[in-house]
Amino acid sequence: MADDPLLAWRPRFPSLEKCVHLISHSLGCVPAKAEEDLAEYFDLWSTRSITAWDEWIPEVSRAAARIEKIISAPAGTVAMHQNVSTVMSVLASCLDYRERPRVVYESLMFPTVSYVWKAEERRGAEVVLVPSSDGKTVDADAVCAAIDERTIAVPIQHVVFGTGFIQDVKKIAARAKAVGAHVILDCYQSVGTIPLDVVDLGVSFACGGSVKYLCGGPGAGWLYVRPDLIGQFEPRVTGWFGNAHPFAFTMPEQTYAEGVMRYLGGTPAIAALYQSRAGHAIIAEVGVSRIRDKSLAMTARAIALVDEHGFTLNSPREESRRGGSVVFDFVGAADVCRELNRRRFFCDHRPGVGIRIAPHFYTKAEELDLFFAEVQRIRG
Ligand SMILES: Cc1ncc(COP(=O)(O)O)c(C=O)c1O
């Protein structure tokens, strides 16, 4: 990768020069322009007071439009929220479990999502966890087999957070559709590193955030709703920004907005939307398919280094199942991870699977060598 064209974007992330940043599956690097965008937000607040809202409110739709582009969603199908947990709570509050109580998902689910659905058991839901035979992968046939006419929702991850395994979303979505259940796709571990076409995947809903590969920081989560479903639900978890006429202050009932805005709650987190602008724009500029090509080459190199060092690989080798991260383990990995972070070789560790690293479009190939050399140095 001597003449890697994606490194042209690296200067937009000056902090990369002060560390080895292999943590984009958890926290994308901050673009320098995010500071300018936040300054613009602040300036509006300080100079225009209440009239800042004239600029701030359209930012909600602008952020949604940026996400629509990245996930290939039609215009007017994305609403911004602060995080995936909130999105899941909003969607759960749309459902009626009397006829169809079952909520089916993988046992390798990101825990926050499971917490939301387990809490729904107090409202009559019945969670069906599909076990993983190896603790790393999910058998799509097993998920499909658990989905039947009693199933209302199938909130699955596109890429399993712990191991970077890409699920067979289309297969699961087709099965869900055949029995009238809704797939809610958590794309947090794929958005910005794997090309996404939520329409083609055939899911009812999709969600994610901007913290990871989108380099947009916390607070800019998003929800996609399939166009024909938008008007079909009235979320109980709601607020005045979900109202057809928020500034009419009608009482006492909610009158839901016609479009996707009906899924909003209270006052949006405007600063986070400004903060997310630069990351979203850069990802769209670079293009996710080019990011994916580079990611596959870089993760192949990382896997070769894992093998060379004799570590246990816990993420997939096959390209078609490999997400943006490489996960590997050895005795004492948690302590080594802590020391790596102290030395500014940024990565993380998850119990049971080990150290997770993710190169991104701005990563230099030699940083992978530097990283593994540092692991070796710490191990002694
Ligand atoms: C797959 C997945 N879902 C959800 C989350 C986080 O959810 P929230 O946005 O509610 O913090 C993460 C990681 O932080 C994740 O990897």
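Mentor: Strand β2 (residues 78–81) and strand β8 run antiparallel, joined by four bridges. Across that pairing, A79 stands opposite L223 of β8. Two terms first. Strands are DSSP runs of E with at least two residues, helices are runs of H or I with at least four, and both are numbered from the N terminus. Two strands count as paired if DSSP finds at least two bridges between them.

The model is predicted, so local features need pLDDT of at least 70 and side-chain atom pairs count only at pLDDT 80 or more, while totals for chains, interfaces and linings use all residues. Residue numbers start from 1 along each chain as its sequence is written.

Strand β8 covers residues 221–225. Another partner is strand β7 (residues 205–208), which pairs with β8 in the antiparallel sense over four bridges. There, A206 has Y224 as its bridge partner.

Now look at how β8 is covered. Five of its five residues are buried. Buried means that 20 or more other C-beta atoms, placed from the backbone, lie within 10 Å of the residue's own; 12 or fewer means exposed, and in between is partly exposed. In a regular strand the side chains alternate between the two faces of the sheet. In β8, G221, L223 and V225 point one way, and W222 and Y224 point the other way.

The residues around the ligand are N83, V84, S85, F110, T112, Q157, F161, D186, Y188, Q189, G209 and G221. Near here means that the C-beta atom, placed from the backbone, lies within 6 Å of the molecule. This shell divides into four nonpolar, seven polar and one charged residue.

Q157 has D186 in β6 as its bridge partner. Strand β5 (residues 151–157) pairs with β6 in the parallel sense, over five bridges. Strand β6 (residues 182–186) has five of its five residues buried, so the rest of the structure largely encloses it. H182, I184 and D186 point one way from β6, while V183 and L185 point the other way.

The domain assignment, automatic or from a database, gives domain 1 (5–30 + 287–379) and domain 2 (34–283). Their centres, taken over C-alpha atoms, are 27 Å apart. The contact between them takes 28 residues from domain 1 and 25 residues from domain 2. A contact means C-beta atoms, placed from the backbone, within 7 Å. On the domain 1 side, α9 (288–309) and β10 (326–329) each supply at least two residues. The largest share of that side, five residues, comes from α9.

β10 also belongs to a sheet. It is an open sheet of four strands, ordered β9-β10-β13-β12, with antiparallel pairing. β9 (312–313) and β12 (348–350) are the edges, each with a single partner strand, so one side of each has no neighbour in the sheet. Three bridges join β12 to strand β13 (residues 354–357). In that pair, H349 stands opposite I355.

Key:
Ala, Val, Leu, Ile, Met, Phe, Trp, Tyr, Cys and Pro count as nonpolar, Asp, Glu, Lys and Arg as charged, and the others, Gly among them, as polar. Two residues are in contact if their C-beta atoms, placed from the backbone, lie within 7 Å.
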